[in-house]
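Here is a short briefing to read alongside the structure. Keep the viewer open and follow along.

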Amino acid sequence: MRPKLRTRCCASLQVPAVDPVHFDPVIDETLTMIPGPTPVHPRILEALSQPTVSHVAPAFVEQFRSALRDFQALCKTRSGQPFIVAGAGTLAMEIALVNAVAPGERILVISHGYFGDRFGELAAAFGIQCDLLRAEWGHAVSPAEVTQRLDAGSYAAVTITHVDTSTGTAAPVEAYCDLLRGRKELVILDGVCATAGMDERFDEWGIDVLLTGPQKAIGAPPGVALCVFSERALERRRVRSTVPAYYADVLRWLPVMQDPGRYYSTPCVNEIVALAAALRMVHEEGLPARFARHAQIARAFRAGLEAAGLKLFTAPDCRADTLSVVMLPANVVDAGFRKEMAARGVVIAGGLGPIAGKAFRLGHMGNIGAGEVAAALTALEAALRASGIPVEKGVAVAAAAALLPEPYPV
Ligand SMILES: Cc1ncc(COP(=O)(O)O)c(C=O)c1O
C-alpha cells in the first residue's frame, strides 16, 4: 500500500498534521518528487482554498503586503523592491531582461544548461545581443572564465542561473558576484530552483535582479512570477521612456507593490494568499535551519542513491541542494523506470537535452523531510528491482536514514 501524504509530507517541519479528507485520493497517494512543482503543505493548500475575495479587500491587501515583506526578507534585502505578479518563472526572467536591458545592448549569459540557455532565447526575442558562456553539462563555469569575458569587453548585464534544473548544477554565485562588484554590469540571478532552499544574499552579494518562482523550494503552488529589483536596476528602467512590454513593465507595477491596495492588473488573489502562507512557513522554520535541512536531505538522498548503485550526473563540486540528476543504469529504459516509480506512488522527472533518456531528475526541495526521503528511496529500490537491477531491500533507505534525524511523532 502506498504511504499517505499526510504521514510523509513535511516530516521534519514542526507543523500540524491536517485532516486527510482535504485531499483528493489520487493526489494524496502521489508523492511529487520532480524538480517543481513540489509537494504543497496542507497549511498552504488551506490558504489557497480560502474564498476568492476582492483584490482590494483589506484582508487580502494585508496578505499581499505580508507576502511582499516576507519575500524581501527571504532574499536578504532591505532596499530591493519586490514584485509579485501572476505568471511563472519564465515571465520573471522576461521582466528582468526587458526592464534592465535595452534592445541592442549586450549581455553575458552564464549557462549551466537548459534554463541558462533560455536567457539567450529571451534576449533574441527582445533584440538584445548575447554572449553565451556555457559549461559542459554537469559542470560549472569557473570564475576565471567569467573574468576572461569581462576583461574582453563590457556588458549591460550578466545573467546567472543559481541552480540549473536540467543539470543539477549550482553556480558559484558569490564568486561571480565578487568579480562583478563595482562594475557597470547588472547582476541578474535566476533563483527559480534555489530560492528558499539555498542561500541568496541580495544586498551583500550585490545582486540587481533576483527572479524566482513559488513552486520549487518555496513550496507554494505555481502561478506567480517573483522578482526583486535593486535601485540601480530600477534606474535602468526609469531612464528609458518605453520598454518592449506592457504587462511586464515594472514601472506599471511599482505603485501596486508600494501600495498593494491599488490596481494595475488583477492579482491572482488565491495564489498570493497561498504564497503568503508558504513564506510564513519559510520564516517560521528560519532561513539557516531551512538551508541546513535542504543540504542534509540532499546528502541523505545521494547516500541512498549511491548505496543503490546509481551514479550522479552532476560533478561533485557543483551539486545543488535542491535536486539530484541521476544516471540510469545501462539497459534500464527511462520511461519504463519512471512508470515503475509512479506505480509505487512517486513521480520523478526525466532528463533533458543531451541526457534525455539516460538520466532522471529527483527534486528534493520545499516542504519535504525524512518521510519523503524514505518513501522515495523505498520506491526507487523496488523500481530498480522491477527494471532488472538487483538492489538489496532497504539498502538505500538505510544509507539515507543514517544521515537524517529520527522522525518526530506526527
Ligand atoms: C532555473 C529555472 N529557471 C526558470 C524556469 C522557468 O520557470 P517556469 O516553468 O515557472 O516558467 C525554471 C523552470 O523549471 C527553472 O528551473
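Which residue just after α15 takes a positive phi? Just after α15, G388 does, with a phi of about 90°. A word on the ground rules: this is a predicted model, in which local features need pLDDT of at least 70, side-chain atom pairs count only at pLDDT 80 or more, and totals for chains, interfaces and linings use all residues. Residues are numbered from 1 along each chain as its sequence is written.

**Strand β10**
- Helices (H or I, at least four residues) and strands (E, at least two) are DSSP runs, numbered from the N terminus.
- All 6 of the 6 residues of β10 (residues 224–229) are buried, so the strand is largely enclosed by the rest of the structure; buried means that 20 or more other C-beta atoms lie within 10 Å of a residue's own, exposed means 12 or fewer, and partly exposed is in between, with C-beta atoms placed from the backbone.
- Both faces are covered, with V224, L226 and V228 buried on one side and A225, C227 and F229 buried on the other.
- β10 runs antiparallel to β2 (residues 81–86), joined by 6 bridges, and antiparallel to β9 (residues 209–212), joined by 4 bridges; strands count as paired if DSSP finds at least two bridges between them.
- C227 is the bridge partner of F83 and also of L211.

**Helix α15**
- The 17 residues of α15 (residues 370–386) should span 24 Å at 1.5 Å a residue, and the end C-alpha atoms are 24 Å apart, which agrees; the expected span is 1.5 Å times one less than the number of residues.
- α15 is mostly covered, as 13 of its 17 residues are buried.

**Helix α11**
- In α11 (residues 250–258), the buried residues are V250, W253, V256 and M257.
- Seen down the axis of α11, these buried residues fall within an arc of 115°, so they line one face of the helix; the arc is that of the directions from the helix axis to the C-beta atoms.
- An α-helix has 3.6 residues a turn, so residues three or four places apart point the same way.
- Turned away from the buried side of α11 is a face that carries the exposed residues P255 and Q258.
- The buried residues of α11 pack against α4 (58–74), β2, α5 (89–100), β10 and α10 (231–238); contact means C-beta atoms, placed from the backbone, within 7 Å.

**Around the ligand**
- Of the 13 residues around the ligand, A88, G89, T90, T165 and V192 come nearest; a residue is near if its C-beta atom, placed from the backbone, lies within 6 Å.
- α5 gives the most to this shell, with 3 residues.

Methods. Contact = placed C-beta atoms within 7 Å.
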